[in-house]
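Here are a few notes to go with the model you're about to open. Have a look around first, then read on.

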Amino acid sequence: KKKILLFFFLPEPAQKCKTGPVDLVFLIDSSRSVRPHEFETMRKFMIDIINTLDIGLNATRVGVVQYSSQVRTEFTLKTHARLSNIVKAINQIIPLAQGTMTGLAIRYMMNEAFTPEAGDRPKVPNVAVIVTDGRPQDRVAEVAAEAREKGIEIYAVGVARADMTSLRAMASPPFEDHVFLVESFDLIHQFGIQFQDKLCGVDLCLESDHGCEHICESTPGSYHCLCLPGYTVNDDGKTCAAIDLCAERKHNCEQLCVSSPGSFTCDCNKGYKLNNDKRTLIDYCSFGNHSCDHECVSVLNGYRCRCNEGYRLLEDSKTCQAIDLCAEGKHDCEQVCISAPGVYTCDCNKGYTLNEDEKTCTPIDLCAEGKHDCEQICVSAPGVFTCDCNKGFKLNKDKKTCTNMNMCNTVEHGCEYQCVSTPGSYHCICPEGQLLQDDGKSCGSKSSSSANIDLVLLIDGSKSVRPQNFELVKKFVNQVVDSLDVSPHGTRVGLVQYSSRVRTEFPLNMYHTADEIKAAVMKVEYMEKGTMTGLALKHMLENSFSEAEGARPLSRSIPRIGLVFTDGRSQDDITEYAKKAKEAGITMYAVGVGKAVEDELREIASEPVEKHFYYTTDFTAISTIAENLKLNVCPGNMLYKEYYIYSYIFPSAEESQGEIEVKDPCACESLVEFQQATMNSLEQVTQKHIL
């Protein structure tokens, strides 16, 4: 019988990365935008990196600091000396889930984490890895520069909506080695692989196709190209070009310069002999018998005259004349050219200022700069201004202030009952018990007027909404439409979608029934891309509520309502046009979902903010917002609708529903009675919740 021996060879365990001593601190973003499963991915990311490192008090030390609106040390560089203890501590981290104060966190890391008390060692490299998923809410550039000056090497890892400008402001140079931006937390491991290569000191000159023309010099995790003496590295960072001292005029040869890489020799023209100094000729000018106006230059068997820069030699070959580039038209000044010999400078006429190109001019707009004292309208001219007044006003003798002209006394207003003047305009009013009719002049009984508002909805069509959620947004819009009395003389509805641009889906005057509007809404196509909420508010104010798009004249006193629906932070400024919309008399509602920023929603909403601001974390819940949404105006039967919505939110009010007698919903006494009943019930419900 044969005996067979079997040998099993087990693979050797993976070698740890031998980096030498390093003090490594992870600075991790735990703001509320980082979802729980994403934080778990970040936790695994840190553990994967340290598993490849040689951990120990005399090798690599690791510390972790997390931040949101505040900063907290999870453990310092000297807390744990064993890998297993570090892994356990990372798994026990509880996210802070607040804001994103990255600048505050960097300063904390610099002043607290990298200190001898926290375990930082002298003459040991300090390395920081910052992981964030959003835009910082404070300044980072200055404090990051201070940290780098103290010797901290910073790697900036951005995920999803992280801001590339902020990442570059934080990271150490070169950016291609220290800045990483990935689309999601699932891809963050890509940075871990590259980071490991950098710490482990792979000689990229030997291990990669570096492309250096002359010399490759390795650095930890990177390399750079050098050139031989007499050569310089080109802009591509790899190839070399000979240094031509002759072409750069870095020589003292009198006539000819002969170049070689990084050096030169002198020579003479035909008929000349090089002197012993190897650079000059026999100096005939030194004899003192020339009559050159500026400069004498020795030549073979004599001399010649030469003029200073900015001058030209005249026909007598001796005297020099200044070159006037302005007079010769050899300049590109837009307005005024000021000449000096051979050169010029540009200036501007009175009322203009010179631009940064030092050639063109821009009118000084005193009106735009606020350097005027006009009461109403400032009319600008370059460097000066004049004042004017709005329609219905006239300019006083001081040429600055304005006086209101009574339009009712100066025009044929046609009001049936009474004309009321307003600045630059007027409107008609009716006696108590009657309402102004559609012509804005005649009066009729209350029963002849139906409920009416002008409503424009701004819906967010950015990429973050996603197609399935956008269908829910359209259903939300139709729920709002179902609660309205839509007709040509009643409520009008317009729809605007925005992302990186703004698109009117249909104006106020396009559809006249709820069914038409709902059908049009369901045909709206999803735009995707960015979130320019400020641009959308500007479009609504300047276009959607114009009479050209169906908004009824302000003299009709028909309420104008804007409803903004968004799921994220605006990529532009909303402050200016949110304020202007409310100043124009538009009642603004703000509805936010998911990652919508509460401060922005509150800035959009009209006062009181709590009555005009709604938020939910999930798109599936927006139908509830549509049910609870109250368009807080009182034309026609809107007061009845407010009451029933109120009863839906506060069921305890149902018992008193029969006790409220609403004869005329827009009568002052009915409105006051309803508001008082609402406030009393609200206080009762609030007290119950507190108890």
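1. Let's start with burial: of the 691 residues in the chain, 40% are buried. Keep in mind that this is a predicted model.

2. As for what the chain is built from, you'll find 18 helices and 34 strands. Take the contacts between residues at least 6 apart in sequence: 56% of these join residues at least 24 apart.

3. Now the outside. The chain exposes about 38,600 Å², and 51% of that comes from carbon and sulfur atoms.

4. Which residues gather in a patch of negative charge on the surface? They are Glu 334, Glu 356, Asp 357 and Glu 358. To find Glu 356, go to the loop between β19 (352–354) and β20 (361–363). With a relative accessible area of 83%, Glu 356 is exposed, so it clears the cut-off of over 30% that patch residues need.

5. There's a nonpolar surface patch to look at too, about 290 Å² in area. Ile 215, Leu 226, Leu 228 and Tyr 231 make it up. Leu 226 sits in strand β8, which covers residues 222–226.

6. Is Leu 226 buried, partly exposed or exposed? Its relative accessibility is 31%, so Leu 226 counts as partly exposed. Patch residues need over 30%, and Leu 226, at 31%, therefore qualifies on that score.

Methods. Residues are numbered from 1 along each chain as its sequence is written. This is a predicted model: local features need pLDDT of at least 70, side-chain atom pairs count only at pLDDT 80 or more; totals for chains, interfaces and linings use all residues. Side-chain values use heavy atoms; hydrogens and water are left out. Helices (H or I, at least four residues) and strands (E, at least two) are DSSP runs, numbered from the N terminus. Buried means under 20% relative accessible area, exposed over 50%, partly exposed in between (1.4 Å probe, protein chains only). Contact means heavy atoms within 4.5 Å. Accessible areas come from the Shrake-Rupley method with a 1.4 Å probe; for residues, only the protein chains shown count as cover. Patches are made of residues with over 30% relative accessible area and no salt bridge: like charges are joined within 9 Å, nonpolar side chains (Val, Leu, Ile, Met, Phe, Trp, Tyr) within 5 Å. A salt bridge is a side-chain nitrogen of Lys or Arg within 4 Å of a carboxyl oxygen of Asp or Glu. Lys and Arg count as positive and Asp and Glu as negative; His and the chain ends are not counted. The place of a charge is taken as NZ of Lys, CZ of Arg, CG of Asp or CD of Glu.
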